[in-house]
Amino acid sequence: MIRNLVGSEWRSPEGPSSLPIFNPATGEEIEKVPLSNASDVDAAVRAAVEAFRPWSRTAVMDRVRLMFRFKALLEDHFEDLAAIVTRHHGKTLDEARGEVRRGIEVVDFACGAPTLLQGRTLRDVSGGVDQDLYRYPVGVCAGIPPFNFPVMIPLWMFPLAVVAGNTFVLKPSERTPLGAQLLAEIFVEAGFPPGVLNLVHGAGDTVQALLDHPGVSAISFVGSARVARQVYTTAAANGKRVQALGGAKNHIVVMPDADPEVAVPAILNSAFGNAGERCLAGSVAVAVGGAAGKLLDPLREAASRMVVGPGDEPGVQVGPLIRADHRDRVASYVEAGVNEGAELVVDGRAEMSRRGFFLGPTILDRVTARMSVGREEIFGPVLSVARAETLDAAIAQANESSLGNMATIFTQSGRAGREFRDRVEAGMTGINVPVAQPFAFFPFSGWKGSFYGDLHVHGTDGIDFFTRKKVVVTRW
Ligand code: NAD
């Protein structure tokens, strides 16, 4: 049964409403998630406020010892976490394992707190005067993840916050709350004091209650572009520190000199991995000059051969989408693309007739930036192929997007790679890699409408976000 964690107590929210959780591979309802109201949120924030004073004064080495224990338990539960992701999100088990690994890497990084939380010192800044910079925790922080990485994205948020001495309220996605639920159970098992991590389940109203609560000092949000902007403006207007990561429309530029044996599998991985439901998915492949001629046939052949099915079946490469309505929305983009003049090269819609929320890999060719498929985030297994005469035109097409999460180029030319790196307006840029995901010790640095705020998640940005600096000037 899914419950909130308030201090040391697992309790059902007062809010009477709930939503179903599905196994997307079968379409069956497997659980219900309760929707917490403002008074449920208040209870969780109060528990976090109460825990803050003792926790923020707990020695760094004691906090880190608990973080090491949490890390060890995450490794013990590695397969359970991956299985739960597949069960209620749908992605393949291998993809789920990859997600859990990337999440645990943030815990590895958090275990470096004795170094990361250090300040700075300048002795004798003027005659007999010293200046020291110390880092202090911010207070109660709240985390609001999206549905598509139910374990990894919560782990982007609370380990760094709590190791820095903050207490935390996590509001998991109402569509995939089971990963966060298991993470919270493991966190309690690791021996962290009650109230350091609290869990409130719910949807938009629950988020609103967190944004309005005066006891919450900082908000870490990841989700769609529209909601990211709304959360950013509301939280900032309420005087909170906020980082809000939004949606994406990522371009893959393929130069004529790119080796198709490298580029084709990479494009398939980028576009159809996680069934296209990731913010680093390659959505538009821009073929430069003669590249289209070398790419399209192998792309068509390989995409048509991809195995679609339940994520826990061996050999499956593309799992289901999260919900029937989302699948239908993605399918409607295929129709819109054709109506706007794109050529349908691979049509995955035949998979919609099976049980569950499936849509097979789909490829549209001759897409332009003016078509909805070339402009809007689709968040499903639909790859658009566009054409450009030159690298300049390809970069200009990528830069037309209002979003700037990721862009990647395939080329054998160092000059083209360097030009692309310096001129493309995306905060995560790849050269000959399908998905330019930063490791935990670098920031997840989306640009433009893909990010609101100034300190990104994880890396030293994450430490800066979850600490406030105090400068002490001393003369004896
Ligand atoms: P979403 O915006 O619908 O939901 C995200 C979170 O916001 C959820 O916890 C949800 O409960 C809450 N929420 C939803 N509507 C709200 C509202 N009106 N007011 C307040 N809170 C609200 O996003 P999603 O569909 O769960 O996730 C997919 C989106 O997330 C995609 O757009 C994807 O690109 C984006 N995403 C971005 C990143 C990134 O790093 N930039 C990473 C993963 C996903």
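The model is predicted, so local features need pLDDT of at least 70 and side-chain atom pairs count only at pLDDT 80 or more, while totals for chains, interfaces and linings use all residues. Residues are numbered from 1 along each chain as its sequence is written, and side-chain values use heavy atoms, with hydrogens and water left out.

**The surrounding shell**
- The ligand is surrounded by 29 residues, where a residue counts if one of its heavy atoms lies within 4 Å of the molecule, and the closest are Glu174, Arg175, Ser224, Gly246 and Glu377.
- Domain 1 (4-246 + 450-475) and domain 2 (250-431) both contribute residues to this shell, so the ligand lies between them; the domain bounds come from an automatic or database domain assignment.

**Polar contacts (pairs of N or O atoms within 3.5 Å)**
- The side chain of Glu174 has an N or O atom 2.6 Å from an oxygen atom of the ligand.
- For Arg175, a polar side-chain atom lies 2.7 Å from a ligand oxygen atom.
- In the side chain of Ser224, an N or O atom is 2.6 Å from an oxygen atom of the ligand.

Definitions and conventions
A polar contact is a pair of N or O atoms within 3.5 Å; within protein, one must be able to donate a hydrogen and the other to accept it, and residues adjacent in sequence count only if both atoms are side-chain atoms.
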